[in-house]
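Here is a short note for someone meeting this structure for the first time. Please read the points alongside the model.

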Amino acid sequence: MANYLIKRILMLIPLLLGITLITFTVIHLAPGEPVEMQTAMSPKASAASRARLREFYGLDKPLHVQYGMWLSNLSRLDFGRSFAPDNRPVLDKIKERIPITISLNVIALILEFGLALPIGIMAAVHRDTLLDRAISVFVFVGFAVPTFWLALLCMYLFGVKLSWLPISGIHSLGSDQWSWWWRTLDLARHLVLPIAIATFGSLAGLSRYMRSTMIEVLSQDYITTARAKGVRERVVIYRHALKNALLPVITLLGFSLPALIGGSVIFETIFSIPGMGQLFYQGVMARDYPLVMGILVIGACLTLIGNLLADLCYALADPRIRHGRG
């Protein structure tokens, strides 16, 4: 197992380098430069001032030189300084925003798996019944409805028409003066809609996937044998079938790690939540190369770590994989 783990970790290094090279190139080849974005609305900005600004940001150097300098800084865990007017270190900006994003997405992830697995199991056990058809309708609606459109509808209904929930930010004005209990309650009210939207976006697909794998497992011979021996249906489903049906879900759980950042761009922007998703969107709009690269590197690392954890879980479950025979 140790040799398998070492091989997988060593493979991550060239993968990460390849990802950073491609993303760095694509970002710099995209239309618009930070200098253009900052001086477009300033009629007094001369060509000389733009040239000095490009030199200050290091954009006057060839692309491969810029990448080499950025990679050298990254090896020291230095993401550089933001091109924004505040010129703050990128790492400081990320540290401020990442706790909010991770907290939101971890809660949404727990709700997704906590709801999708029972829904998928019920649909598989009651296959081709009215309950299964009702769940299928719910799943297809979940696939069809765009997340941003659903978010806007919920904001209008629950925030504007009914005035039940706030529709932006994570705190109300003046909440710093409130007691701990009321501040916590205020935070929870602000997070209800974003978490619900984020959960619903993945609930449909995950529950459908669980239904398919559960139906496949329930058709296996050992399940038929267990039922023929008189084993209770509850034991057959939750002790014998569920254990094997959960193995493919491990892959989805591993792929959920990069979504902790990437999947939050839409709802953090819509709900004005000061997290990594909103920060990434603002960085892209401003062509803030160091900020965008810093967030993408974190997303790439989470993707690779998620894949590694999924492979390790599979290797633990199936010895053929870790011994190179599967």
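**Notes on surface patches and a buried charge**

1. R234 sits in helix α10, residues 233-245. Helices here are DSSP runs of H or I with at least four residues, numbered from the N terminus. The model is predicted: local features need pLDDT of at least 70, side-chain atom pairs count only at pLDDT 80 or more, and totals for chains, interfaces and linings use all residues. Residues are numbered from 1 along each chain as its sequence is written, and side-chain values use heavy atoms, with hydrogens and water left out.

2. R234 counts as exposed because its relative accessibility is 63%. Exposed means over 50% relative accessible area, buried under 20%, and partly exposed in between (1.4 Å probe, protein chains only).

3. Patch members have over 30% relative accessible area and no salt bridge; like charges are joined within 9 Å, nonpolar side chains (Val, Leu, Ile, Met, Phe, Trp, Tyr) within 5 Å.

4. A nonpolar surface patch holds F148, W149, L152, L153 and I266, with about 500 Å² of accessible area together. Helix α7 (residues 147-161) gives the most, with 4 residues. W149 lies in this helix. W149 counts as partly exposed because its relative accessibility is 44%.

5. Where is D288 found? D288 is in the loop between α14 (276-285) and α15 (289-317). D288 is buried yet has no salt bridge (a side-chain nitrogen of Lys or Arg within 4 Å of a carboxyl oxygen of Asp or Glu). K93, the nearest side chain of opposite charge, is 4.6 Å away.

6. The D288 side chain does make a polar contact with the side chain of S82, at 2.4 Å. Such a contact is a pair of N or O atoms within 3.5 Å; within protein, one must be able to donate a hydrogen and the other to accept it, and residues adjacent in sequence count only if both atoms are side-chain atoms.

How values were computed:
Helices (H or I, at least four residues) and strands (E, at least two) are DSSP runs, numbered from the N terminus. Lys and Arg count as positive and Asp and Glu as negative; His and the chain ends are not counted. Accessible areas come from the Shrake-Rupley method with a 1.4 Å probe; for residues, only the protein chains shown count as cover.
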